[in-house]
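Please keep the sequence and the 3D view open beside the text.

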Amino acid sequence: MHTASSSPAAVQHDGLDRLLISFDSAIRTVFAEHTAARPCPQPETEGSALSDEQKRLSAALMRVNHVGEVCAQALYASQAWGTKDPVLKAQFDAAAREETDHLAWTEQRLKELGGRTSLLNPLWYAGAFGIGLLAARAGDGVSLGFVVETERQVEAHLNSHLDRLPEGDTASRAIVRQMRDDEVEHADAALAAGGQALPGPVRGLMKLAAKVMTFTAHRI
């Protein structure tokens with residue numbers, strides 16, 4: 001005897017629900033204005049006035065960081081979709097909520113700097129969603145390993161931005177530091193949950209893709 005949840009109609013309905021939820025998440029991530037659950041990180045010391053050139057540099061770096069958060073939303077959404085483990089799905093969803101804070105913080109700072117978000121955000125989201133879904137289909141261990149490697153690379157990327165941001169831009173620096181600390185926690189949690197080390201060529205391809213995204217988002 002088949003239960004309603006195992007019937008083809010129920011499975012199809014569940015798949016349609018997931019598709020609609022994913023589409024709604026994509027639209028909100030790319031086009032909506034975001035609200036953070038946590039207060040925006042504040043600098044310990046007041047910054048100095050920034051020149052126009054310094055504002056442009058800070059805005060370009062924060063635009064890159066915003067793109068990274070758009071991609072993170074796509075990755076976590078696709079990986080939550082791809083896993084059958086409800087505990088792991090909840091972990092991905094929780095990480096995505098923290099990434100929403102990052103989206104809101106970087107958007108706010110971009111406005112303050114007179115900058116804008118990337119014009120290619122729909123493309124970044126679609127690409128990251130596809131990659132995350134492929135990782136999820138490879139199994140939970142690989143999917144978690146992908147999170148670990150991604151977040152480790154993001155940590156290094158944010159550290160490089162702390163080196164490049166103007167010293168006087170203490171507001172942007174405070175945001176980037178908190179983002180980095182959150183990414184470290186996400187990587188540690190994924191590793192503790194059973195993340196597997198990815199092969200060297202895969203890690204290399206991920207670094208190359210990140211460089212392409214960073215170079216493009218810095219300008220567009």
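Cys40 is buried, with a relative accessible area of 16%, where buried means under 20% relative accessible area, exposed means over 50% and partly exposed lies in between (1.4 Å probe, protein chains only). Cys71 is buried as well, at 14%. The structure holds zero disulfides, a disulfide being counted when a pair of cysteine sulfur atoms lies within 2.5 Å.

A word on what you are looking at: this is a predicted model, in which local features need pLDDT of at least 70 and side-chain atom pairs count only at pLDDT 80 or more, while totals for chains, interfaces and linings use all residues. Residues are numbered from 1 along each chain as its sequence is written, and side-chain values use heavy atoms, with hydrogens and water left out.

**The overall fold**

The protein chain has seven helices and zero strands, so its pattern along the sequence reads α-α-α-α-α-α-α. Here helices (H or I, at least four residues) and strands (E, at least two) are DSSP runs, numbered from the N terminus. Of the 220 residues in the chain, 42% are buried. Among contacts (heavy atoms within 4.5 Å) with a separation of 6 or more, 86% join residues 24 or more positions apart. The chain exposes about 11,700 Å², and carbon and sulfur atoms supply 60% of that area; accessible areas come from the Shrake-Rupley method with a 1.4 Å probe, and for residues only the protein chains shown count as cover.

**Salt bridges**

How many salt bridges does a search of the whole structure find? There are eight, each defined by a side-chain nitrogen of Lys or Arg within 4 Å of a carboxyl oxygen of Asp or Glu.

| Salt bridge | Closest N and O atoms |
|---|---|
| Arg38 and Asp101 | 2.6 Å |
| Asp182 and Arg38 | 2.8 Å |
| Arg109 and Glu112 | 2.9 Å |

Arg38 forms a salt bridge with Asp101, and this pair links distant parts of the chain: Arg38 is in the loop between α1 (8-31) and α2, and Asp101 is in helix α3, 63 residues apart. Arg38 is partly exposed, with a relative accessible area of 26%, whereas Asp101 is buried at 4%. Asp182 lies in helix α6 (residues 170-192), so its pairing with Arg38 ties together parts that are 144 residues apart in sequence. Asp182 counts as buried, at 2% relative accessibility.

Arg109 and Glu112 both lie in helix α3, three residues apart, which is about one turn of the helix. Arg109 is buried at 10% relative accessibility, and Glu112 is partly exposed at 46%. Returning to the other two pairs, salt bridges that share partners join Arg38, Asp101 and Asp182 into one network.

**Nonpolar cores**

In soluble globular proteins, nonpolar side chains tend to be buried together. In this model the largest nonpolar core has 18 residues, and those with the most contacts inside it are Val67, Tyr125 and Phe146. A nonpolar core is a set of buried Ala, Val, Leu, Ile, Met, Phe, Trp, Tyr and Cys residues joined through side-chain atoms within 4.5 Å. Helices α2, α4 and α7 (200-217) each supply at least two residues of this core, and its largest share, six residues, comes from α2. Apart from this core lies another, of 14 residues, among them Ala59, Met62, Leu158 and Val176.

Beyond four places in sequence, Phe146 touches Leu75, Gln79, Ile131, Ala135, Leu198 and Met206.

Is Gln73 buried or exposed? Gln73 is buried, with a relative accessible area of 7%, and lies in helix α2 (residues 52-82). The side chain of Gln73 makes a polar contact with the side chain of Thr100 (3.0 Å). A polar contact is a pair of N or O atoms within 3.5 Å; within protein, one must be able to donate a hydrogen and the other to accept it, and residues adjacent in sequence count only if both atoms are side-chain atoms. Not counting residues up to four places away in sequence, Gln73 touches Thr29, Ala96, Glu99, Thr100, Leu103 and Tyr125.

Thr117 is found in the loop between α3 (86-113) and α4 (121-137) and is partly exposed, with a relative accessible area of 31%. Leaving aside neighbours within four places in sequence, Thr117 is in contact with Arg63, His66, Glu107 and Leu110. The C-alpha atoms of Thr117 and Ala59 are separated by 9.0 Å, although the two residues are 58 apart along the chain.
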